[in-house]
Amino acid sequence: MEKQPGALSRNPHTLNTWKAQELYYLRMQRTKEKMEREKTEEDLYQNKNRLKVCVATCNRADYSKLAPIMFGLKSHPEEFELEVVVLGSHLIDDYGNTFRMIEQDDFDIGSKLHTIVRGEDEAAMVESVGLALVKLPDVLQRLRPDILIVHGDRFDALALATAAALMNIRILHLEGGEVSGTIDDSIRHAISKLAHYHACCTRMAEQHLIAMCEDHSRILLAGCPSYDKLLSTYHRDDYMDIIKSWLGDKVKENDYIVALQHPVTTDIQHSIKIYGLMLDALISFNKRTLILFPNIDAGSKEMVRVMRKKGIEQHPNFRAMKHIPFEQFIQLVSHAGCMIGNSSCGVREAGAFGTPVINLGTRQTGRETGENVLHVRDADSDNKIYHALELQFGKRYPGSKIYGDGNAVPRILKFLSSIDLKEPLQKTFCFPPVKDTISQDIDHILETQSALAVDLGGTNLRVAIVCMRGNIVKKYTEPNPKTFEDRMHLILKMCKEAVQGAVRHNCRILGVGISTGGRVNPQEGIVLHSTKLIQEWSSVDLRTPISDALGLPVWVDNDGNCAALAEKKFGHGRGVDNFVTVITGTGIGGGIIHNSELIHGSTFCAAELGHIKVSLDGPECSCGSQGCIEAFASGMALQREAKRLHDEELLKMDGMDVKLAEPITAAHLIRAAENGNSKANAVLDKASLALGVGIVNILHIVNPSLVILSGVLASYYQAPVQQVMLERALFSAQSIKVVKSDLEEPALLGAASMVLDYATRRTY
């Protein structure tokens, strides 16, 4: 039979080979598709678990603050997905096309938006904001970031924040809360009100944000991100090569000036006048000067005209530049003989190096500054500016870290990681207390927000339900077991019982606060070393097992610190920024509140007040040393002295009967003294003097405005300690009052306050 053209061979061997090949390629194709599908699913899973962060930069100045954060985000690809948007003066040739330095730093720029309307006047600024608002929605819609990071106080940043807020995108604002004295303040504060989260640079800025009713739990005191870079890189061996590349081979270290002056948009004509006077003074001063062009604000065009009219670009002493990379600019500022102008760099970054600065005009009037800044606010003549140059040029000042310690970026990354995208997007504002309205909320009727407080004493284990007002709704008490296993078992049992009881009392438990003796790491919830009264209680993780068992957040701190927190929230410490609480009980302890914050110390042993030495050869203390306050003035020390007097038959007085079966305590010593026993009086006088001297030492170290005595011996010690302070403290500290605590349960209330107050704050 004739074979048809193109027909398959009927040879069985050929057919089998063809089928085998077909099956092989089919299996390969399916395997490839499966691997691609699994990779796609893996990528989707990874992206789903990563926080998509969009960083928007508008100019060379804000990029110096944002770049360290961008590098940090990029170095953690498993946690963050970085998107970069560039707009504003980055894309203008007259300002150096500074977007190129972002590309040189190896960042992928997702979007470039030309948003600047040229004109350099007020109308052009408004039109630029409008143009940005027209272009930004498409970009943000395409990128769909989880959070947008904006910086500072520029009109470009206001457009970014406005667009993101209206599109329900979370905003992290850098450097909010600062004051600089120009229209920038209004823009900065407006951005703060649009932003959902804040990373500020100084304690004062943090307080300003709180005063603006921003939620404290969403404010991070991070420091300035640019300090992370400048503090680690400004000690470079090649700094002279950088200086000479910009200023010439003949220039010497500390023998040149850096000048950077921007327009003040609320008073353009005056700022142009000051600029001209500055140039005249610099020409007369006759020192090599690196001058940077002003930014793009209204009035900059006129300032450039003044510079060119005076021939600055051709003057042999001047080098006029549109842009200098930040790393090199750091070297130039840190080794300059002086910096002059009104740039924020002068009052912020230059302070870290101790570079002398002359701040002209009002643009930075409200900024916090170090001692390196000399203000010439009313710069009405070039002679005044020249005289300021004579005073400042060539000086060196101590470095200042007002704006950061070089660790801002790790704090910000951790803050970003902690953001819960499931939280409501709607901002809440923390307004000052006002009179309650007559309307009611069903949650307030049905439930009272409360804390579960645990006090681990040497004798008893106590658990209490404590409501917002500090009232103890219900208290449970059991003897404290001697072994670790029994103690943990009892804590969990009592906590579970209290949680069930809270339902019957219409209380909603927000968390668990634990007060315990010894040294505690509150950040990790671990008891590092306990007191001798609580055995088998070192290196104990309390947070994890209790949190896992109850499904509640857990806070742990030392009992002395808890006593201070209790006073801060419920006692004499309310509204007091600086005070010390001293516990006078079985031992001596306490806590220190400084600038409204509890001091823990670098190794969590701050405020070990009982172990302040007041004698070189005093009685032995439980800590192993001698002459500590606790060895003289604690309940155990007084009990020891009472037993000694009793054994010597020197304690009993007329009208005082001490039964043989009754244990001798500090109370017997006090009763004997009250009945006129001179020996008992001598012991108590010595104890009061030791405690008083120890508190005088505290006054001279931390200078609180109030001393609060707590514990069973507080009533006795109050008057003698006040007298010792009057006799032995410096005159400036003699007026500080000693008061007795009115709180009946400071340990429980302090443990509860960590939940009721500190639970809402992010502290890193």
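**Close-up views of a predicted model**

Cysteine 623, with a relative accessible area of 43%, is partly exposed (buried means under 20% relative accessible area, exposed over 50% and partly exposed in between, with a 1.4 Å probe and protein chains only). This is a predicted model, in which local features need pLDDT of at least 70 and side-chain atom pairs count only at pLDDT 80 or more, while totals for chains, interfaces and linings use all residues. Residues are numbered from 1 along each chain as its sequence is written, and side-chain values use heavy atoms, with hydrogens and water left out.

**View 1. Cysteine 623 and its contacts.** Cysteine 623 lies in the loop between S24 and H21 (helices, H or I of at least four residues, and strands, E of at least two, are DSSP runs numbered from the N terminus). Apart from neighbours within four places in sequence, cysteine 623 is in contact with His611 and Cys628; contact means heavy atoms within 4.5 Å.

**View 2. Histidine 611 and the annotated binding site.** An unreviewed UniProt entry places the feature "binding site" at His611, Cys621, Cys623 and Cys628; UniProt positions follow the numbering used here, feature names are shortened, and annotations may be inferred rather than shown by experiment. These residues span 18 residues in sequence, yet no two of their C-alpha atoms are more than 8.8 Å apart, so they gather at one spot. Histidine 611 is found in the loop between strand S24 (597-598) and helix H21 (629-633). Its relative accessibility of 28% makes histidine 611 partly exposed. Beyond neighbours within four places in sequence, the contacts of histidine 611 are Cys621, Ser622, Cys623, Cys628 and Glu630.

**View 3. A five-stranded open sheet.** The strand order is S16-S15-S14-S17-S21, with mixed pairing; two strands pair if DSSP finds at least two bridges between them. Strand S16 (472-479) and strand S21 (554-558) stand at the edges with a single partner strand each, so one side of each is left without a neighbour in the sheet. From one strand to the next, the twist averages 20°.

**View 4. Strands S14 and S17 with helix H19.** Strand S14 (residues 448-456) and strand S17 (residues 507-516) run parallel and are joined by eight bridges. Leucine 452 stands opposite valine 512 in S17. Helix H19 (residues 543-550) packs on the sheet, touching S14, S17 and S21, and its direction makes about 150° with that of S21. Axes are lines fitted to C-alpha atoms, for helices over the stretch in contact, and angles run from 0 to 180 degrees between N-to-C directions.
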